Amino acid sequence: MHLIRSGRVAIRVSTPSGETLTLAVLRPGDAFGELGAMGREHRRTATAVAWEPVESLTVSGADFEALCREHPSIEKLVISLLTERVDRLSQRLLEALYVGVDRRVYRRLVDLCDIYADDGPTTVIPVTQDDLAGLVGASRPTINQVLQRLDEQGLIKVGRGRIEVLDAAALERRATR
């Protein structure tokens with residue numbers, strides 16, 4: 001199990017047709033690899049990809065088991081974390097089935113603003129349009145069209161490998177309509 005100290009990590013899966021989808025972007029304080037640490041026999045279902053330099057603390061399965069014996073509340077904490085992930089993935093599935101692409105783009109940009117926020121008036125999100133397409137569950141050309149409209153409206157500025165959010169509040173309003 002990895003506990004992220006710094007940097008961001010994308011959790012990705014590949015489809016049978018070879019497309020890559022990004023299920024989540026994790027930040028400092030988040031963890032991945034919990035099932036392996038819990039000693040559950042399972043096939044690995046996702047890949048963790050560093051989006052920038054990452055530092056993590058690693059807990060082996062044996063160390064995790066020892067920690068849980070000493071502190072049973074740790075296992076309950078990890079189960080709670082996994083439950084939250086199942087809830088989030090269920091929400092994303094419903095969103096993919098019933099929410100239009102534009103609104104899904106707004107929602108992922110709002111999520112990424114939260115992950116990359118600093119104290120400045122704007123937020124720079126260092127993601128490619130392919131990365132965003134994988135998060136939204138849409139094609140890159142469709143993502144490009146939505147981003148170009150937002151750029152023309154002055155809400156974002158699209159650059160090479162980055163999106164600068166100029167008006168996060170307006171994006172959030174659109175995401176919740």
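Q: How many disulfides does the structure hold?
A: The model is a predicted one, in which local features need pLDDT of at least 70, side-chain atom pairs count only at pLDDT 80 or more, and totals for chains, interfaces and linings use all residues. Residues are numbered from 1 along each chain as its sequence is written, and side-chain values use heavy atoms, with hydrogens and water left out. A disulfide is taken as a pair of cysteine sulfur atoms within 2.5 Å. By that criterion, the number of disulfides is 0.

Q: Is Cys113 buried or exposed?
A: Buried denotes under 20% relative accessible area, exposed over 50%, and partly exposed in between (1.4 Å probe, protein chains only). Because its relative accessible area is 7%, Cys113 is buried.

Q: At what angle do helix H2 and helix H3 pack?
A: Helices (H or I, at least four residues) are DSSP runs numbered from the N terminus. Axes are lines fitted to C-alpha atoms over the stretch in contact, and angles run from 0 to 180 degrees between N-to-C directions. For H2 (residues 61-70) and H3 (residues 73-98), the axes lie 6 Å apart and the angle is about 115°.

Q: Which ring lies under the charged end of Arg174?
A: A charge counts as over a ring if NZ of Lys or CZ of Arg is within 6 Å of the ring centre and within 35 degrees of the ring normal. The charged end of Arg174 is 5.9 Å from the centre of the ring of Tyr106.

Technical notes: Helix = DSSP H or I, 4+ residues; strand = E, 2+ residues; numbered from the N terminus.
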